[in-house]
Amino acid sequence: MIQKQIHAASHWISFEQYMNLALYAPGLGYYSSGATKLGSAGDFVTAPELSPLFGRTLAHQLKQILPLLAQPNILEFGAGTGKLARDILLELEKFNVLPEKYFILEVSAELRQRQQILIANEIPQLMQKVEWLDQLPEQLTGVVIANEVLDAMPVHIIKWQNSIALERGVSAENNRFFWQDRPIRSPQLNTIAEELIHEINPNNLPDFEYLSEINLAAPGFVCSLAERLREGVILLIDYGFGRSEYYHPQRNQGTFMCHYRHHAHDDPFYLPGLQDITSHVEFSAIAIAAINAGLQLMGYTTQAHFLINCGITTILSQTAAEDTIRYLPQSNQLQKLVSPAEMGELFKVIAFGKNFNEPLIGFRSGDMTRLL
């Protein structure tokens with residue numbers, strides 16, 4: 001199917017188009033097919049799959065926000081197996097701070113079915129709170145959550161050589177895919193590529209080659225949320241960097257990666273449709289787009305600082321250390337969530353608000369990561 005698309009487009013498509021087809025082509029793409037994606041039987045593990053501590057801790061941030069809203073709803077994008085929704089709702093139920101509705105917008109039919117089964121089986125008393133959506137509502141009031149969503153949005157790959165920017169695309173011949181660079185056609189993409197040359201080649205070296213990604217979809221997604229949000233907070237959690245670190249001169253091979261059966265590699269042409277393809281998030285572009293769209297930046301920090309600020313260690317202490325069968329696994333999970341060598345430093349949390357001015361507890365202390 002991808003080869004037909006390439007041949008129909010003068011034998012070349014952008015990597016952004018290739019990634020979009022490989023991940024989202026109806027019935028064939030990675031997120032549109034029925035293959036197991038998450039957990040030990042899948043290709044990768046997310047924080048909610050790793051431990052209920054993640055969702056329970058995130059619920060404490062929501063516990064602060066929801067009572068202050070006229071319509072205390074939650075909207076989660078890309079809810080995986082549904083474990084994050086389950087853990088959040090169970091924790092909020094303890095404090096009697098349940099949302100009016102917990103909306104889930106999920107593009108994968110297979111994952112949506114898994115979510116429905118898990119929630120019906122494990123929290124049947126809260127099933128009426130959960131509603132699945134097929135598209136973004138015209139108006140939003142509440143808290144929007146997107147955990148590891150931005151990294152799955154298709155990216156353009158740009159090659160800078162001797163200060164000239166080219167777009168790296170995909171061609172096909174003899175039943176195989178291969179890279180091919182062409183001049184950038186999109187004026188928007190070309191403008192961004194020209195601006196970045198000062199970041200990636202600050203010393204103006206004449207013999208210079210650099211490869212990286214530009215994500216136009218993620219800032220567009222945030223702008224769509226900004227247009228629809230009337231009151232509330234947007235929480236985005238993902239792995240990535242601010243601009244100066246993302247486009248650091250030494251990061252000259254970009255950040256995109258593939259995951260298949262818990263093996264990470266850099267070949268997007270291996271088993272298209274059966275492996276995940278991702279790219280790290282450039283949070284500076286997200287922040288600039290959000291602010292320009294009328295949102296207020298409410299915080300930006302590492303996952304470690306956010307979870308600690310929201311009380312993850314206190315939640316762990318609710319399990320007695322003497323109860324080693326339950327305590328030790330949770331302690332190990334906490335370390336993976338906050339350790340700099342695991343998820344703690346690479347993953348970031350960024351928050352935006354509209355008509356909401358209360359300082360968020362997740363960002364109240366700790367070293368805030370630089371955005372620019």
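Tutor: Let us begin with a term: a residue is buried when its relative accessible area is under 20%, exposed when over 50%, and partly exposed in between, using a 1.4 Å probe and protein chains only. The model is predicted, so local features need pLDDT of at least 70, side-chain atom pairs count only at pLDDT 80 or more, and totals for chains, interfaces and linings use all residues. Residues are numbered from 1 along each chain as its sequence is written, and side-chain values use heavy atoms, with hydrogens and water left out.

Student: Why does Ala-172 count as buried?

Tutor: Its relative accessibility is 9%, and the limit for buried is under 20%, so Ala-172 counts as buried.

Student: What makes a residue one that Ala-172 is in contact with?

Tutor: Contact means heavy atoms within 4.5 Å. Leaving aside neighbours within four places in sequence, Ala-172 meets this with Gln-3, Ile-6, His-7, Phe-177 and Phe-178.

Student: Why is Ala-172 said to lie in a strand?

Tutor: A strand is a DSSP run of E with at least two residues, and strands are numbered from the N terminus. Ala-172 lies within residues 164-173, which form strand β7.

Student: What makes residues of the lining of the largest pocket nonpolar, polar or charged?

Tutor: Ala, Val, Leu, Ile, Met, Phe, Trp, Tyr, Cys and Pro count as nonpolar, Asp, Glu, Lys and Arg as charged, and the others, Gly among them, as polar. By these classes, the lining of the largest pocket has 26 nonpolar, 12 polar and 12 charged residues, while that of the second largest pocket has 14 nonpolar, 5 polar and 4 charged.

How values were computed. Helix = DSSP H or I, 4+ residues; strand = E, 2+ residues; numbered from the N terminus.
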